[in-house]
Amino acid sequence: MYNKGMRTTIEMKAEHRARLLEMAARRGDKGFSVLVTDAIQVYLDREEERQARRRRAVAMRGTLSSKEADRLRRHVADLRENWR
């Protein structure tokens, strides 16, 4: 759960602050620090997952034959052409 860390100042839109305060109040929290901490953790976790997926994709480079790569390129081009 949340433990006190360092204090900092962030700038945000007034409407974001109001919504965070509303959400915190519904949860029984006095302020929105816990919500911000949770959101930061979710962002960091997702970024770490994204980087891991990218590393796996880069590691796959060169694993398709030329014929497979051409077929994949054509398939992607067809998908993009018919994208709505």
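This report covers salt bridges and a nonpolar surface patch in a predicted model.

Residue numbers start from 1 along each chain as its sequence is written. Local features need pLDDT of at least 70, side-chain atom pairs count only at pLDDT 80 or more, and totals for chains, interfaces and linings use all residues, while side-chain values use heavy atoms, without hydrogens and water.

**Salt bridges**

Side chains of opposite charge can pair when their charged atoms come close. The structure holds four salt bridges, each a side-chain nitrogen of Lys or Arg within 4 Å of a carboxyl oxygen of Asp or Glu. Among them are these:

| Pair | Closest N to O |
|---|---|
| Arg27 and Asp38 | 3.6 Å |
| Arg73 and Asp70 | 3.0 Å |

Arg27 lies in helix α1 (residues 14-27) and Asp38 in helix α2, so their bridge ties together parts eleven residues apart in sequence. Helices here are DSSP runs (H or I, at least four residues), numbered from the N terminus. Asp38 is partly exposed at 36% relative accessibility; the term covers values between buried (under 20% relative accessible area) and exposed (over 50%), with a 1.4 Å probe and protein chains only.

Arg73 and Asp70 both sit in helix α3 (residues 66-81). They are three residues apart, about one turn of the helix. Arg73 is exposed at 55%. Asp70 is partly exposed at 37%. Elsewhere, shared partners join Arg27, Asp29 and Asp38 into one network.

**Surface patch**

Ile40, Tyr43 and Leu44 make a nonpolar surface patch of about 330 Å². Leu44 belongs to helix α2 (residues 33-59). Its relative accessibility is 46%, so Leu44 counts as partly exposed. Patch residues have over 30% relative accessible area and no salt bridge; like charges are joined within 9 Å, nonpolar side chains (Val, Leu, Ile, Met, Phe, Trp, Tyr) within 5 Å. Accessible areas come from the Shrake-Rupley method with a 1.4 Å probe; for residues, only the protein chains shown count as cover.

Note on methods
Helix = DSSP H or I, 4+ residues; strand = E, 2+ residues; numbered from the N terminus.
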